[in-house]
Amino acid sequence: MSGKNPMELLIPGEGGIARAAEILVGGGLVALPTETVYGLAARADSAEAVAKIYAAKGRPDFNPLIVHVSDRAQAEQLAVFDDRARDLAERFWPGPLTMVLPLREGAPVTRAVTAGLPTIGLRHPSHRVMRAVLEQTGLPLAAPSANRSEEISPTRAEHVTTSLAEDCPAVLDAGASQAGLESTIVALRDNGEWSLLRPGPITKETLVRILGPETQVENAGIEAPGQLARHYSPGKPMRLDAQEVAQDEFCIGFGEMEGDCNLSASGDLNEAAARLYECLHLAASATQPRIAVAPIPDSEVGRAINDRLSRAAGES
Ligand code: TXA
Ligand code: MG
């Protein structure tokens, strides 16, 4: 007997959402669906609650968490918004964009959330269920992806239960995540510069059109510690840009290269993004000892897919 309570499975609907909100307000953890991936949420203003996230994920404490808000007004209590931030919020919120902005003095978030940085990552998610929970708690919620550190991100409730087991006391199951890739992270600095910290569903091309050229930052890796290599690991060797497949390889296909799991038979990059983690989870649990991945075009959301794949392969 581990002594821990079994995981509570909640379904959306008034009862499930109210129960999730109750656990969160009480300082507990709940895995919640978002349009990108499932997040492991805790109230962002409580040191004890946030410490539970780091413990459950086995996440290093220098890696800050994204804070989810229910609207722009709540976001502006936490960070200092300039015109660019307001413009991006206007265009992309609610949705898969995280903005790293200067932390507002006296913001009601515990230090561990920002890992002591003078900035905070904020996102207003669009998922109906996530929004309902945010509104019911009335609190900003810290939520990293609901997987153990370095493992594949969850796009279904079952992925959460497999990865975190009893370390996550409750999960609200709303089916598969729609975008399937974590949010785009953009840092807006107070000197007017900006940079892309993590490619995602909102593409770099789109951001450049709005913000102008990106500033190249030498030490971006330090600024976004979660972007270190060895993330999204399927736990077995994986090679990318495979032109053909060996007998002992599980093939993640794309377009005409069919594979054991196809990201998108029609070659649609958005569909491929939505199916990426699904295929990586299947590849991880397959009997084949190795994984081969078909070439994916490196444009639009394909960049984000290739970013995740090269980390999963331990290449970046
Ligand atoms: O789509 C998403 O963003 C999902 C869902 C649950 O919202 N969340 C997510 O969280 O992907 P996580 O913790 O797996 O990734 C958060 C990333 C990390 O790479 C972290 O280093 C970066 O955001 N981050 C958070 N706050 C930051 C800050 N103040 N400065 C720089 N990077 C930050
Ligand atoms: Mg993650």
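Start with the whole chain in view: the C-alpha centres of domain 1 and domain 2 lie 26 Å apart. The model is a predicted one. To colour the two parts, select residues 8–211 for domain 1 and residues 238–312 for domain 2.

**Stop 1: where the domains meet**

Next, select the residues of each domain that touch the other. On one side, 20 residues of domain 1 are involved, and they are in contact with 16 residues of domain 2. How much area do domain 1 and domain 2 bury between them? The figure is about 1400 Å², and carbon and sulfur atoms account for 57% of it.

Now look for charged pairs across this boundary. There are 3 salt bridges between domain 1 and domain 2. For a salt bridge to display, select glutamate 182 and arginine 308: their closest N and O atoms are 3.0 Å apart. Turning to polar contacts, 9 residue pairs are found across the interface of domain 1 and domain 2.

**Stop 2: ligand 1**

Move on to ligand 1 and show the residues around it. Which of the 28 residues around ligand 1 come nearest? They are Thr36, Asn63, His68, Ser183 and Arg198.

Pick out single side chains here, one after another:

- Threonine 36 has a polar side-chain atom 2.6 Å from an oxygen atom of ligand 1.
- Serine 183 places a side-chain N or O atom 2.6 Å from an oxygen atom of ligand 1.
- Arginine 123 has a polar side-chain atom 3.1 Å from an oxygen atom of ligand 1.

On its own, ligand 1 has 680 Å² of accessible area, and the protein covers 98% of that.

Key: Residues are numbered from 1 along each chain as its sequence is written. Chains are lettered from A and ligands numbered from 1 in the order in which they are written. This is a predicted model: local features need pLDDT of at least 70, side-chain atom pairs count only at pLDDT 80 or more; totals for chains, interfaces and linings use all residues. Side-chain values use heavy atoms; hydrogens and water are left out. Domain bounds come from an automatic or database domain assignment. Contact means heavy atoms within 4.5 Å. Buried area is the accessible area (1.4 Å probe) that two parts lose on being put together, summed over both. A salt bridge is a side-chain nitrogen of Lys or Arg within 4 Å of a carboxyl oxygen of Asp or Glu. A polar contact is a pair of N or O atoms within 3.5 Å; within protein, one must be able to donate a hydrogen and the other to accept it, and residues adjacent in sequence count only if both atoms are side-chain atoms. A residue is near a molecule or strand if one of its heavy atoms lies within 4 Å of it. Accessible areas come from the Shrake-Rupley method with a 1.4 Å probe; for residues, only the protein chains shown count as cover.
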